[in-house]
Amino acid sequence: MAIPKKESSLLLATACAIVAGGCSVSAISPETEETPAPASWARGGTPGDIGQNWLHTFSDPQLETLVSESAENNYVLKQERERLYSAEQAVRLSRSNRYPALDVSLGGARRSTESSAGVSESFDIGVDGRWNVDIWRQLSKQQQATELALAAQRARLQSVERDIAATTAQQYFDVIEARQLLEVASRRLSNANESRDIVASGYRQGLNDALDLYLARNQVERERANFASQEQALLEAVADLQLSLARYPDGNMPIESKLPVLVDALPTGLPSELLTRRPDVQEAWLNLLATDAELAAAHKARFPSLSIVGSSSRTTDAFSELLDGGVSAWSLAFSLTQPLFDAGRLAALEEQAAARVRIAEQQYLDLVYRAFADVENSISRTASLEQRYDALLEAEKNSRAALELALEQYQRGLVPYTTVLESQRQAFDAEATVVQLTNQRLQNRIGLHLALGGEFVTAN
């Protein structure tokens, strides 16, 4: 399954085509001063166009396959597709209101009375029609509202598809992180066992005291507990990924990849491009246009309405003659109805519609600024994580060297065993932190892609 690359511009073009010729009562639009876009990102950013397939940048075929599976099977996405189908039917319903309705009736009866010598039969067929003439374009406005709602649902589906793809990728890297941390925990436990054996051997030889032995044994038990905790973390991470894939969450899934290390910077484009690239922003804008159309329809509902009603019928004594001959009776009538007094009901409905427009305006503006904030924060977080990652890499090297030196000096009786324990803790903590920061950088990269409205293509 692939998400169309030009879906964003098509959605906006559709919206413009729908509202052309109609009256829009909204006070804002994507180009007005109320939604200003800065010339550049305040917290930096990298020049260049947004990539069309961010998923491919991780160079992981298994990841692309899993994202494709989630796009096909995820239950949330299936719900959104059904909502899209429902919105399509709503458009069909609104269109049908603008056309005449015709009904055909067929009936028959048998009668017997005391005065008659036998049983009489009669059959009739009739055609009835009714047409509500859209003289004030009220029905067309209602149709316009449903068409805009349909376009908004398409944008929502696209937004949810990207969210699910991003969530699946993030969960995939969470699983890899949990597995690598489990490997670190396993090495910590193995190292603690080796240290305990060394201390126990020295204790039996009278080289170490009982305190060192108790500390070594305590360290082993702590690492056993840490290993068990990390096993559970891996199990739950796999189960979360399986839920996104619509699989049974048994926590058993073979993933052997390593966390990729980001090297290249992500182009962030221009802030002005964000409003047309993010489908959730497009959805909010289309919903605003739909409420505009609903307000127009509510206003026109206070005008006179014109209905034309017609009918024709034929009645015979024999069913075989029902379709022979012409119409035996017909009628044609019209009615013009003007609301006169309704205790303010129609006026209140119009005011409610106007309030919904104002709410939709504020929702749109709020989402626009939140979209800008998402990008700004992700850009800032990218620089911070990179600095922390470089510092922790150096700390990991130093802690490994310190651990080797501490073990050597302890065996020579130069430092107490607590120094060894502290060196072990720092070394393995640094290794685990590097793994966690590697994943955090990946998570932030995915979040930045999503915030920028980056597209993706799943494996077929």
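I take helices (H or I, at least four residues) and strands (E, at least two) as DSSP runs, numbered from the N terminus. The model is predicted, so I note that local features need pLDDT of at least 70, side-chain atom pairs count only at pLDDT 80 or more, and totals for chains, interfaces and linings use all residues. I number residues from 1 along each chain as its sequence is written, and side-chain values use heavy atoms, without hydrogens and water.

**Entry: Val127**
I find Val127 in strand S2, residues 119-133. Val127 is partly exposed, at 35% relative accessible area (buried is under 20%, exposed over 50%, partly exposed in between; 1.4 Å probe, protein chains only). Together with Leu102 and Val104, Val127 makes a nonpolar surface patch of about 300 Å².

**Entry: two loop residues**
I looked up Arg137 in the loop between S2 and H4. Its phi is near 65°, a positive value in a residue other than glycine. Arg137 is partly exposed, at 41%.
Ala343 lies in the loop between strand S4 (329-337) and helix H8 (345-411). Phi of Ala343 is near 60°, again positive in a non-glycine residue. Ala343 is exposed, with a relative accessible area of 64%.

**Entry: H4 and H5**
How do helices H4 and H5 pack? Helix H4 (residues 138-204) meets helix H5 (residues 210-244) at an angle of about 165°, with axes 8 Å apart.

Terms used
Patches are made of residues with over 30% relative accessible area and no salt bridge: like charges are joined within 9 Å, nonpolar side chains (Val, Leu, Ile, Met, Phe, Trp, Tyr) within 5 Å. Accessible areas come from the Shrake-Rupley method with a 1.4 Å probe; for residues, only the protein chains shown count as cover. A salt bridge is a side-chain nitrogen of Lys or Arg within 4 Å of a carboxyl oxygen of Asp or Glu. Axes are lines fitted to C-alpha atoms, for helices over the stretch in contact, and angles run from 0 to 180 degrees between N-to-C directions.
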